[in-house]
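Have a look at the picture before reading on.

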Amino acid sequence: MKRTLSVAKGLALLSLGALTFSAKAQGRDRDTDRDKFFFPGNLVISRSVYDNNPNNVKVGTVLPPNCASTKGGCSALTGAPYDGTYPFVFNNDTYDGSFGITSKIFLDQVTPFGWPINSIEIPNSSQRHVKSWDNQLVTSFSSKSELGLNLSTDGRVLTFMGYVAPINALDVSNSNTPGAGDPTNPVGFSIYRAVATIDRWGRLTYTETNAYSGNNGRAAILNNKDGAYVFYTSGNAGNGSNPQPANIILGAGAQLINPSLASENEQAPQTPTPVGSFSVTELGDKADKIGKDDNFRGLTVFNNVVYFTKGSGGNGVNTVYFIDTTGTACPKGVGLPSASAQLPISPVSYDPSTLQTSGLSSNMCILAGFPTALAKTANPVAYPFGIWFANADTLYVADEGDGYAGGTDLYTHAAGQKTAGLQKWVFNSSTGSWSLAYTLQTGLELGTPYTIARYPTGNNAATNLPWAPATDGLRNLTGHVDRDGYVTLWAVTSTVSGNGDQGADPNRVVVVRDKLSNTDATVAANEKFHTLRQAGFAEVLRGVSLTPGSDVAHDRHDYDHGYDHDHDYDHN
């Protein structure tokens with residue numbers, strides 16, 4: 001596997017002398033640090049690798065698994081047209097809309113410039129020492145919105161989500177959870193989702209949940225400050241028809257999950273407990289599909305407020321949301337967090353008798369200044385994903401693009417998108433509203449196809465479109481405010497291609513520096529993204545975060561260093 005670590009000389013502007021991190025900190029106390037897995041000041045990238053086994057899918061297999069026994073039924077009876085060979089296996093998505101294959105999760109530690117340090121493979125069924133009853137976690141290889149990485153509120157623990165399943169299991173990402181069944185879901189089996197934590201020493205915990213039945217959990221944050229100990233999670237639920245069962249609605253969107261220290265086989269998850277909910281009726285719009293207004297992707301916590309993004313599906317509003325714990329911030333669905341807001345520690349309320357008609361009580365708001373038009377009518381439609389606050393007045397939002405692959409113009413369409421890339425929003429205290437300053441795109445090469453070693457060339461016979469992936473936008477995001485007045489931002493790219501499932505395209509991690517005080521789009525046009533890392537064959541990159549301990553305030557003086565401003569970062 002080739003890891004492209006080439007960062008152009010222009011990235012010499014990303015002087016690590018401007019960051020408050022230190023590689024020297026790694027060796028300052030050998031007795032203390034030698035057993036640590038993660039070192040403060042580095043990055044963690046979540047990665048998944050498909051094992052490219054032709055036997056994972058046999059041609060003619062009826063999919064989804066056990067579909068004939070469900071009310072949802074089978075999508076067709078002709079059987080899977082492709083075997084398990086990568087990337088052709090993901091053409092089965094054109095036959096089975098629930099298609100996916102579970103795969104290994106890796107957490108790779110790299111320097112801010114992309115130099116590899118070490119990697120940890122999350123326990124999975126392919127490892128000889130892992131038995132069926134042991135703790136294990138996988139992702140769905142082609143599920144592009146999974147494996148977001150977030151630090152806990154105290155900055156010491158990293159969190160992510162996955163499935164309690166073996167590798168090479170089919171359609172797990174659209175399976176029900178054991179405690180939240182939907183008989184109309186054509187995927188005829190049940191799998192727990194789980195939140196995992198990992199600390200500086202590489203120690204893991206797993207907390208199972210019945211949330212996100214029929215779909216996927218995407219990101220989690222552990223609130224472990226000031227006596228709290230709960231997870232906030234984001235995701236989507238439901239893979240069946242209307243009306244959705246109560247537990248599907250309860251298990252959607254924004255969840256509150258109590259962490260467990262027990263082994264997976266000792267846990268017994270209960271009914272999902274949503275922590276927040278939004279309905280388009282707050283805006284005066286007609287009620288939408290219950291639960292799908294809360295199809296959340298990005299997740300962050302800033303100044304005692306939990307924020308979410310929604311950027312997929314035809315329901316609801318693609319925008320930035322926050323949970324209002326005061327009940328006063330947004331009487332008409334749009335507003336600003338109260339200065340007295342506290343992080344939520346209790347589930348949102350609901351009336352069981354009206355849950356399937358009216359949904360949960362609405363305790364979420366659209367952040368003032370962000371889009372409020374319905375996704376099905378908005379022009380242009382935004383696709384927000386990752387979200388990161390530089391400070392109380394500066395917010396960066398990653399927009400993943402629309403994923404258009406409807407014709408031979410897929411590349412030119414991607415290149416012409418206006419919202420895709422990294423949006424910089426600034427707060428105007430006089431108007432009490434956020435506004436878009438500009439969108440960083442230079443260097444992303446939107447719509448420019450690139451080559452992957454061993455990847456097919458030419459057109460995919462299943463779609464009649466080119467195999468070569470091109471960047472379509474950005475998904476998960478993290479950043480750091482540097483001492484020189486700039487912000488360094490790292491993000492994971494989304495792709496567009498003729499693949500039967502674009503989520504299976506090898507993608508990239510990119511980095512850019514932005515002047516924090518700048519609001520001039522002309523000046524920002526000179527700020528250029530550089531590729532930090534390129535996924536290889538049968539590999540995808542999903543999340544990016546600073547390492548545990550990187551932003552722990554009392555440790556910051558330990559990570560000071562002086563890298564050479566003229567350092568050449570071109571390497572392979």
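The largest nonpolar core has 37 residues, and Y307, F308, L367, F370 and L395 touch the most other members. A nonpolar core here is a set of buried Ala, Val, Leu, Ile, Met, Phe, Trp, Tyr and Cys residues joined through side-chain atoms within 4.5 Å. Buried means under 20% relative accessible area (1.4 Å probe, protein chains only). Another core lies apart from the largest one; it has 30 residues, including F37, L43, I105 and V110.

Please keep in mind that this is a predicted model: local features need pLDDT of at least 70, side-chain atom pairs count only at pLDDT 80 or more, and totals for chains, interfaces and linings use all residues. Residues are numbered from 1 along each chain as its sequence is written, and side-chain values use heavy atoms, with hydrogens and water left out.

What does Y307 touch, not counting residues up to four places away in sequence? Among its partners are G298, F322, P337 and F389, where contact means heavy atoms within 4.5 Å.

Now for the whole protein chain. Among contacts between residues at least 6 apart in sequence, 70% join residues at least 24 apart. Of the 572 residues, 60% count as buried.

| Feature of the protein chain | Value |
|---|---|
| Span of the C-alpha trace along its principal axes | about 65 × 55 × 50 Å |
| Accessible surface (Shrake-Rupley method, 1.4 Å probe) | about 21200 Å² |
| Share of that surface belonging to carbon and sulfur atoms | 49% |

Key
Buried < 20%, exposed > 50% of the residue type's maximum accessible area, 1.4 Å probe, protein only.
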